[in-house]
Amino acid sequence: SEGCERIVNTAVSANIMLYLTKEYHMGESGSAVIVFAYQASTNFLPIFGAILSDALWGRFLTISLTLFACTIGAVLLWLTTMVQTLVAEDCGNEDQNSQSCHSPTTLQLFVLLTSLVFLSIGASGVRPCSLPFGVDQFTHWSGTRKDRALKVLFSWYYVSMGGSAIISITLIVYLQDKLGWKIGFAISVAIMALATFLNIVTSPLYIKVKPQKSTWLSLVQVIFVAIRNRHIQFPEVGSGLQYHNPGGLEVVVPSRKLRFLNGACVLRVHADRSNTEVLNDNSWNVCTVDQVEDLKRTLSVIPMWSAMITSLLIQQASFRVLQADTMDRRVGTTKFRMPAGSIAIFEVITFTLWSGCFDRLMLLVLQKITGREQVLSHKQKMGIGVLFSIASALAASAVEAFRRKQAIRQGLENNTYGVVNMSALWLAPQCVFAGLTSAFGSIGQMEFYYAELPKTMSSLAMALLLLAIGVANIGGTAIIKLIKVITARGGRIGWLPDNLNQGHYDYYYFLLALLGMAGFIYFVACCYWFEEPAPIQLVEPQEDEADGT
């Protein structure tokens, strides 16, 4: 299900820029805003899908409903190429900015944007729920057998993510480029219809775990009680009996991290009608130490989550499809021309090969060299991902500066659609660095969130990465708008005009690299802050029956 959804949405994301500029006659910057907004919603909405899944609907129902929504979106996008009133006017060889080339009508834009909304809704439930739903199938397993099965599941999940992207940005994008938008979008409809049908047919085979409303209610209770007890005096360290630890002889003292929440688990006494002191342990008056620590773990991932946004912004706020469209896309000496939307294949192949081989080959070698079971922690993987994102931005800046000089030297400065005598394979290094950013940063994030958050919130753990990508897309849109406004003052061309050959997109990429460096410093600071001691565990002293001590 997720493989099919990713094939369709990734193909749309890779090629929709060309569809907007060539078929809907929109400028590059205007198209970029729509694309970034679409990508942001595709990654932002899963946080709501995760909450609905974990608290109300359950994972299978969420996947089923959003698969149907994604199918509707694919159908609407296909109709923009089939129904005459929804097809934008063909300008032929006319320049898109000429007066004879009219902008799309309100109805045409409405249907197009609605299709993108439904595609985003499709991603909102499928992406955060698929892997946790796979984990649910091993609910009745235990021990090392379950651990091995889950390790294989996660490994193949990463490979399937890359494999889906490879299919979408090679086969699907190629068919859209060579056979036309009608056939290309029709294939997307067929893929989503097949996925929706198979999901319904195979429903009886699955284990469906019921949603846990109590988990989310528990977090709300901790916040409510902590605010209510904000003026309470905390017990001294070692007096663990004054914290709420229901059941068992073991007493747990909450950690000092986010200490203001500890008031939620402090026991208070009050006198009843017979003037006997009793503990007020109602769930809305006092919470357990475990509840408080669950909320702390949930809140603690927020700084780490925010620290990774800059690296994701560098990945998302890229114009390499438009750059590839102005470069020589022939592969070697053959006549085959790579579609501009397929330039990201280098990123996806890098991600797929690295994520698929790391656990199976490279990790074993590193374990033998270092003698440690865990070679890289989750935070170390995330930090390496940030560094690779900076390298990607610097490589993009250098290549774009060289491409623009070549365009000016060949007299293409005023020719928007002129092809520079420079191979599009020059864009491969930045794509490889972007793939390594995902292989380390994105996978490190997923594993970190999954390890830190309560298991009943596993869908939220998967959605946090997508939420960060959505925020990065919104940030990319804002940065592009801001740069365009500031640099184009006084009638100047600015850094980001519609004609790449007249702008300074290399300055833009260098600015992203500087943002990435600032993000890395913030990430290191967050790692230092996150290193906090675990809750102190105290065991009740037992009376020795022999001597009474």
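This is a predicted model: local features need pLDDT of at least 70, side-chain atom pairs count only at pLDDT 80 or more; totals for chains, interfaces and linings use all residues.
Is Arg403 buried or exposed? Keep that one in your heads for a minute, and I'll come back to it once we've had a look around.

Okay, hi everyone. The chain has 549 residues, and buried ones make up 51% of them. In terms of secondary structure, we have 16 helices and six strands. And if you take the contacts in the chain with a separation of 6 or more, 79% of them are between residues 24 or more positions apart.

Arg403 is buried, and its relative accessible area is 0%. You'll find Arg403 in helix 13. So what does the side chain of Arg403 make a polar contact with? That would be the side chain of Glu400, at 2.9 Å. Glu400 also belongs to helix 13, which covers residues 378-409. Glu400 counts as buried because its relative accessible area is 1%, and the cut-off for buried is under 20%.

Now, who else is around this pair? Skipping anything up to four places away in sequence, Glu400 touches Gln323, Leu500, Tyr505, Asp506 and Tyr509. With sequence neighbours left aside in the same way, Arg403 is in contact with Gln323, Thr326, Met327, Val420, Met422, Leu500 and Asn501. If you're clicking along, Gln323 and Leu500 turn up for both residues.

Let's move to the nonpolar side of things. The largest nonpolar core has 107 residues, and the members touching the most other members are Leu119, Phe319, Met446, Leu464, Tyr508 and Leu512. Which helix gives this core its largest share? It's helix 15, residues 458-487, with 13 residues. Take Tyr508 as an example: beyond four places in sequence, Tyr508 touches Ala317, Phe319, Ile479, Ile480, Ile483, Trp495 and Leu496. There's also a second, separate core, this one of 15 residues, and among them are Ala324, Ala340, Ala424 and Leu427.

While we're talking about buried residues, have a look at helix 10, residues 309-316. That helix is mostly covered, with six of its eight residues buried. The buried ones are Ile309, Ser311, Leu312, Leu313, Ile314 and Gln315.

Next, a helix pair. To describe two packed helices, you give the angle between their axes and the distance between the axes. For helix 1 (residues 2-23) and helix 4 (residues 59-82), the angle is about 30 degrees and the axes are 11 Å apart. Their crossing is left-handed. Where they meet, helix 1 brings Glu5, Asn9, Val12 and Tyr19, and helix 4 brings Cys70, Leu77, Thr80 and Thr81. By type, the residues of this contact are four nonpolar, three polar and one charged.

Last stop, Val33. This residue sits in helix 2, residues 28-44. How does Val33 count in terms of accessibility? Val33 has 25% relative accessibility, so it counts as partly exposed. Apart from neighbours within four places in sequence, Val33 is in contact with Thr477 and Lys481.

Conventions. Residues are numbered from 1 along each chain as its sequence is written. Side-chain values use heavy atoms; hydrogens and water are left out. Helices (H or I, at least four residues) and strands (E, at least two) are DSSP runs, numbered from the N terminus. Buried means under 20% relative accessible area, exposed over 50%, partly exposed in between (1.4 Å probe, protein chains only). Contact means heavy atoms within 4.5 Å. A polar contact is a pair of N or O atoms within 3.5 Å; within protein, one must be able to donate a hydrogen and the other to accept it, and residues adjacent in sequence count only if both atoms are side-chain atoms. A nonpolar core is a set of buried Ala, Val, Leu, Ile, Met, Phe, Trp, Tyr and Cys residues joined through side-chain atoms within 4.5 Å. Axes are lines fitted to C-alpha atoms, for helices over the stretch in contact, and angles run from 0 to 180 degrees between N-to-C directions. A crossing is left-handed if the near helix is turned anticlockwise from the far one by less than a right angle, and right-handed if clockwise. Ala, Val, Leu, Ile, Met, Phe, Trp, Tyr, Cys and Pro count as nonpolar, Asp, Glu, Lys and Arg as charged, and the others, Gly among them, as polar.
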